[in-house]
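Here are a few worked exercises on helix packing and charge pairing. Grab the model and work through them step by step.

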Amino acid sequence: MDWIGLTVAHAEQLAPPLTLAEVNSSIKKLEKSHGMTSKVFGKKWATGAVQSSDDKWLWNELIALRAELRRAE
């Protein structure tokens with residue numbers, strides 16, 4: 001009989017950290033697929049004018065991550 005426990009790992013062990021270039025590329029793909037800039041999307045998201053979906057939640061998170069990465073430079 002073996003003990004089965006939780007696996008604990010740092011995020012960096014699971015995948016390399018995202019770079020600003022990767023985040024910007026992902027944001028550009030979302031802008032193209034939805035036909036609007038992130039600035040327009042951000043305003044609509046803040047007012048609830050866009051319907052919530054997985055890709056829009058991701059877009060919102062990527063915008064926040066981009067801001068953090070820019071501050072860290």
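**Exercise 1.** Work out which hand the crossing of H3 and H4 has.

*Solution.* H3 passes H4 in a left-handed crossing (the near helix is turned anticlockwise from the far one by less than a right angle; clockwise would be right-handed). Helices here are DSSP runs of H or I, at least four residues, numbered from the N terminus. Keep in mind that this is a predicted model, where local features need pLDDT of at least 70, side-chain atom pairs count only at pLDDT 80 or more, and totals for chains, interfaces and linings use all residues. Residues are numbered from 1 along each chain as its sequence is written, and side-chain values use heavy atoms, with hydrogens and water left out.

Next, the contact (heavy atoms within 4.5 Å): Ser38, Phe41 and Trp45 of H3 touch H4 residues, including Trp57 and Ile63.

**Exercise 2.** Find how H2 and H4 cross.

*Solution.* Start with the axes: those of H2 (residues 20-34) and H4 come within 10 Å, crossing at roughly 145°. Then the hand: this crossing is left-handed. Among the H2 residues making the contact are Leu20, Val23 and Ile27, while H4 brings Trp59 and Leu62, among others.

**Exercise 3.** Track down the salt bridge of arginine 71: which side chain does it meet?

*Solution.* The partner is glutamate 68, at 2.4 Å, N to O (the rule wants a side-chain nitrogen of Lys or Arg within 4 Å of a carboxyl oxygen of Asp or Glu). Both lie in H4, three residues apart, about one turn of the helix.

Definitions and conventions
Helices (H or I, at least four residues) and strands (E, at least two) are DSSP runs, numbered from the N terminus. Axes are lines fitted to C-alpha atoms, for helices over the stretch in contact, and angles run from 0 to 180 degrees between N-to-C directions.
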